[in-house]
Amino acid sequence: MKVFAFITAKGGCGKSSLTLEAATVFGNMYGREKVLVIDLDQQLSLSKNCGAETEGPSILDVLQGEVGVLDAVQHNDLFDIIVASPKLARADSLFDRAEEDEYLLADVLDYAKDTYDYVFIDPAPSRNILQEMLYIAADYIVIPTRVDESSLDAVVTTENELNRLTNGRNKKSHAKLIGYVLNEYNKQTALGQMALETLEDASNARDGYPFVSTVSSAIRVAEAKTLHTAVCRTEKSSKTGREIYAIVDRMIERMGGEA
C-alpha cells in the first residue's frame, strides 16, 4: 500500500483539489476499489466536493477507536472515502503527543493495507497533531503552491517540517518529497516564471530532484467540484485534465513505477 499526501503550510494552494483529482486518476487507472481517500480537513472540503455523506462515521471516530477503519469507508463514484469531522478542529486537545498518538493514523492504515493499494490523505488546514500524524503515515509527499510570495514561503516551511521529522533524532517519518505543483501558473507573466524558477531551484537543491509540474487554471476544477465530480473524469482531454494526468505520471515515475 502506498500513501500519498499533497501538503503545504498554507491554505488555498490546491491541496484538496489535487487530492481529489489525483485519487480519481488512480481510480480510473487501477480500479476505484483499490483507492481510499481520507479527509483530515475539519472543513470537510474534499468530503463535500466528491459528494460524500458527511453525517456518517468519520476519521475522527476511527482515530478515537470508536469505529473500525473499514467500517467508516463510504463507496463513492470516484473512490472510497473516509470523511472528516468538524471536531477535528480540536485535535490538539483530543490527542496527546506524549502518548505517541501521532502514530495513530499510521496504525489505522495497517488495518487497510490488505484492502487498498493506494491511499490519498487530504491534510488538515493548520499545523497540529494531525499534520504530524500525516507526515508519519505518508510514503510520498507532493507540495502544492501558488505563484504569490507567501505561498512560496510556505514551501520552505513545509520542507523544513518534513526534514525535522525525517532527519531528526527519532526519524519519525520515512516520507519522501517527490514533487512540487505550481497552481494557477501563467507562463506569460513574470510572476509565474519567477515562481517556476524558485521551485526548480528547490528541486535542484534536494536529493532525488523532485519533479516540478504546473496547473494553469483552477476554473475547470472549481466547476467540477460544484458538480461533485473531477475534471479528470469528465474532461480528461482538456488542458487541465492533461496536466493532472501528467502529474500522476510523474508521481508514479518517482515511486519507481510501483503501481
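Reply: Some ground rules come before the fold. Two strands pair if DSSP finds at least two bridges between them. Helices (H or I, at least four residues) and strands (E, at least two) are DSSP runs, numbered from the N terminus. The model is predicted, so local features need pLDDT of at least 70 and side-chain atom pairs count only at pLDDT 80 or more, while totals for chains, interfaces and linings use all residues. Residues are numbered from 1 along each chain as its sequence is written, and side-chain values use heavy atoms, with hydrogens and water left out.

Me: What is the order of the eight strands in the open sheet?
Reply: The pairing in this open sheet is mixed. Strand 3 (74–75) and strand 8 (211–215) are the edge strands, each pairing on one side only. Read across, the order is 3-4-2-5-1-6-7-8.

Me: In strand 8, which residue is the bridge partner of Tyr180?
Reply: Strand 7 covers residues 176–183 and pairs with strand 8 in the parallel sense over five bridges. The partner of Tyr180 in strand 8 is Val212.

Me: Which strands does helix 7 touch as it packs on the sheet?
Reply: Helix 7 spans residues 149–167, and its direction makes about 160° with that of strand 6 (140–145). Axes here are lines fitted to C-alpha atoms, for helices over the stretch in contact, and angles run from 0 to 180 degrees between N-to-C directions. Contact means heavy atoms within 4.5 Å. The strands touched by helix 7 are strand 6 and strand 7.

Me: How many residues of strand 6 are buried?
Reply: Buried means under 20% relative accessible area, exposed over 50%, and partly exposed in between (1.4 Å probe, protein chains only). Tyr140, Val142 and Pro144 point one way from strand 6, and Ile141, Ile143 and Thr145 the other way. Strand 6 is largely enclosed by the rest of the structure, because the number buried is six of the six.

Me: Which residue in strand 7 stands opposite Ile141?
Reply: Strand 6 and strand 7 pair in the parallel sense over six bridges. Leaving aside neighbours within four places in sequence, the contacts of Ile141 include Ala5, Ile7, Leu162 and Leu177. The residue opposite Ile141 is Leu177.

Me: In strand 6, what is the bridge partner of Phe4?
Reply: Phe4 lies in strand 1 (residues 2–6). Strand 1 and strand 6 pair in the parallel sense over three bridges. The partner of Phe4 is Tyr140.

Me: Why is the pair of Phe4 and Phe26 tilted?
Reply: Rings of Phe, Tyr and Trp (its six-membered ring) pair if their centres lie within 6.5 Å; planes under 30 degrees apart count as stacked, over 60 as edge-to-face and the rest as tilted. A search of the whole structure finds seven such pairs. In this one the ring centres are 5.4 Å apart, and it is tilted because the planes are at 50°.

Me: What are the relative accessible areas of Phe4 and Phe26?
Reply: Both residues belong to one aromatic cluster that also has Tyr30, Tyr118, Phe120 and Tyr140. Phe4 counts as buried at 1%. Phe26 is buried too, at 0%.

Me: Is Ser16 buried or exposed?
Reply: Ser16 sits in helix 1, where 13 of the 16 residues are buried. Leaving aside neighbours within four places in sequence, Ser16 is in contact with Asp41, Ser45, Leu46 and Asp122. Its relative accessible area is 15%, so Ser16 is buried.

Me: In strand 5, which residue is the bridge partner of Ile38?
Reply: Strand 2 (residues 35–39) has five of its five residues buried. Strand 2 and strand 5 (residues 118–122) pair in the parallel sense over five bridges. The partner of Ile38 is Ile121.
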